[in-house]
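Trainee: I am new to this structure and would like to go through it step by step. Could we look at the sequence and the model together?

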Amino acid sequence: MKFLDRWVSQRIGKVPWVRDLLSKAGEAIREARRLSKDLGVDEAMKMEMEMQLSGFRKRAQELIELRAAELACVDPKAYEGFAESHGPIQNAVQLKERLWELELALEDRGWVREVTMAALEFSRLGVQQLIKICRIYAIKNPLIKRTAEICMLYVFGRGFEVRSEDETENDCIQAHLALNDGVLGAVAIANLETSIQTDGTLYFGCETLPDGTVKLNMIEPLEVMDIICKAEDKSVPRYFYRNWVQEDFDPATGAKSATPMKCWYQSLEEAMDPKAEKPPASIAGATVNLNMPILRVKVGSPRFWRWGLPPIYACIDWARAYKDFLEDWATVQRALARFALMVETKGGPGAIAAYNALFNTTFADAGGTQIERNPPPVMGSAHISGPGNQIQPFKTANAQTSPEQARRVLLMHCAGSGMPETFFGDASTGSLATAVSLDRPTELKFTEIQRRWTHTIKTLLEYALMCAKQTPGSKMREARQANPAPQPSEIYIKFPNVIEHDILTMIQAIVDIGTGGGRNGIFAGIVDRKTICELLLAEIGYEKRGMLLDKIYGAKYDPAADVTDQRSQVPAQSIMQPQGKALTSLSLPPPLPPPPPPPVPVAPEGQQPPPKPGAPVPPKATVRPNGPPGKAPAKTVAEARRVFEEAMERLASRT
């Protein structure tokens, strides 16, 4: 066999094209080795293999101990002999074959295999390959692209608002957002949501500048090769190991150079923890960069796994199956569309040639590169032939499956993405309700993504404020020195509602909150007027609400004083009394106190003083027409009756 191989190699080596091919292959292999050595891939693979081997040894040791415990339960004497002959169970190599035999023999112990597989974690190389596949599918496959795009649109399609009640902190936050517009801007942060769907992890590098500001740098997830976590909680990272190639450009010559780089970074949680241990200057010969801690956002994997997984990973197989099904259907449809008519004739070869000339075109022969010399019959033409000739359409009914039969495959993709099938173009299952609303699980999915981004942005801003407070000469530090004990402020990050509600309905709800359900526009003293105005402006889409409200209400606006002023006004329930009775006595206004007695008037000089309040009033004197004032004469009953009868007679005569 060796002689045959040597003879074949000698003969083939004399062929020129084979010799050239082998020479080029050798050059390619040498170049690949050089690049791999320069890029540090061998070192990364070595570290990965050592970690995997250590994990395999640990799991093998656990399985050996488990089998020894089973042997002790089933046959204690056999276990004693086993322990005497082998000593402490520490060598996994001695029992390697027996271990795999036990694995194959214990068919009824399926839980053992499940626990073993659950202890496995995807290797770093496997996660890197998975990220690359998901990125390609997010560009090429329409379903995967639509899944990542919908998450981005629902979360960042209408923007978000960041502010703080403290004026100094708010200025620092707005300056931080302006400095990092390339990361937290409208376009950039929307792309980050798409990236986390394909990568499963985001790494924010927080570089502190000399003036105390923080510059955010996004780190490529494929460059992070190792993670050191806390011993007591493996879900909390402490250090990240990055291995990358830095490209340098020389403007004078236009040449590019690649420099292998490696470095450790402290996690942002570790940097913000005042009780954390002091980080070392280097780890395993690599420098620890303390000026740029990293905030990691991980999704798509179990809590204690080191690496995040792309959320769209669960959809790839079904998206590919749906694409393949439609491609096969389109291929069959294209093949069936090649023939439109079936012609049956008894005229022989001459009649067949005549029909070919009748239905053929010169475009079909020359590919449309020449002028049509044999046009086919126009639409609506009549075919006249003798007996024995028959023309009928080519029937394709039931010749292939319908594309609607792939709906179950599409539903599997919808289940993996957590979105209804109406998001992927199937309008037949939708309605007016699905057009203006979302089902509850889908709504909570997007709300959870908003809450995740709220926590991420808030953590980055808190670190930026902490750096600004600790940097000498910064505006934040000077403000804190002038006011050592400021009131605790809160960073507000507001996203619009996931569901687009009816504007009139929302405005009416806000007005009802402010007026306590009243219909006359009187504030009920529940919420201050500035907050109500801000909610109303936000509902109609006004963007610069803070600036407008500051101009209207001023910087010294006190919400508590506003609420107190509202409660001192006439309650809305008392105005609504004509429309309906109050439900309880608590809704009625309190009774008014009795008015104070009027002051005693002072009589002018030369007249008698007026009577005191409560004294009997003397009868008033009447004035006669022809005499002095005196007592009025009393009228008898007969005289009064006579006067009444005369008045009635005059009235009757008039009528």
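Trainee: Is Leu465 buried or exposed?

Mentor: This is a predicted model, in which local features need pLDDT of at least 70, side-chain atom pairs count only at pLDDT 80 or more, and totals for chains, interfaces and linings use all residues. Residues are numbered from 1 along each chain as its sequence is written, and side-chain values use heavy atoms, with hydrogens and water left out. Buried means under 20% relative accessible area, exposed over 50%, and partly exposed in between, with a 1.4 Å probe and protein chains only. Leu465 has a relative accessible area of 5%, so the residue is buried.

Trainee: Which helix holds Leu465?

Mentor: Helices here are DSSP runs of H or I with at least four residues, strands are runs of E with at least two, and both are numbered from the N terminus. The run that covers residues 440-470 contains Leu465, and that helix is α18.

Trainee: Which residues is Leu465 in contact with, leaving aside its neighbours within four places in sequence?

Mentor: Contact means heavy atoms within 4.5 Å. With those neighbours set aside, the partners of Leu465 are Glu169, Cys172, Ile173, Met476 and Ile491.

Trainee: What is the relative accessible area of Glu169?

Mentor: Glu169 belongs to helix α9, residues 167-179. Beyond four places in sequence, Glu169 touches Ser164, Leu465, Lys469, Met476, Arg480 and Ser489. Glu169 is buried, its relative accessible area being 6%.

Trainee: Which residues of strand β1 point to one face and are buried?

Mentor: Side chains alternate along β1, residues 161-164.

Trainee: Which residue in β11 stands opposite Glu161?

Mentor: Two strands pair if DSSP finds at least two bridges between them. β1 and β11, residues 491-494, pair in the antiparallel sense over 4 bridges. In that arrangement the residue opposite Glu161 is Lys494.

Trainee: What is the phi of Gly254, in the turn between β5 and β6?

Mentor: β5 (residues 237-249) and β6 (residues 256-267) pair in the antiparallel sense over 11 bridges, with Glu247 and Ala258 as bridge partners. The two strands form a hairpin with 6 residues between them. In its turn, Gly254 has a positive phi of about 75 degrees.

Trainee: Which residue in β8 is the bridge partner of Ser267?

Mentor: β6 and β8 (residues 286-298) run parallel and are joined by 3 bridges. The β8 partner of Ser267 is Ile294.

Trainee: Why do the buried residues of α23 line one face of the helix?

Mentor: The buried residues of α23, residues 559-567, are Asp562, Val563 and Gln566. Seen down the axis of α23, they line one face because they fall within an arc, taken from the directions from the helix axis to the C-beta atoms, of 100 degrees. On the other side, Thr564 and Arg567 are exposed. An α-helix has 3.6 residues a turn, so residues three or four places apart point the same way.

Trainee: Which cysteine has the sulfur nearest to that of Cys134?

Mentor: A disulfide is a pair of cysteine sulfur atoms within 2.5 Å, and the count comes to 0 disulfides. Cys134 is in none, and its nearest cysteine sulfur, 9.3 Å away, is that of Cys315.

Trainee: Where does Asn374 lie?

Mentor: At 27% relative accessibility, Asn374 counts as partly exposed. Its C-alpha atom is separated by 8.7 Å from that of Phe359. Asn374 lies in the loop between α15 (362-366) and β10 (390-393).
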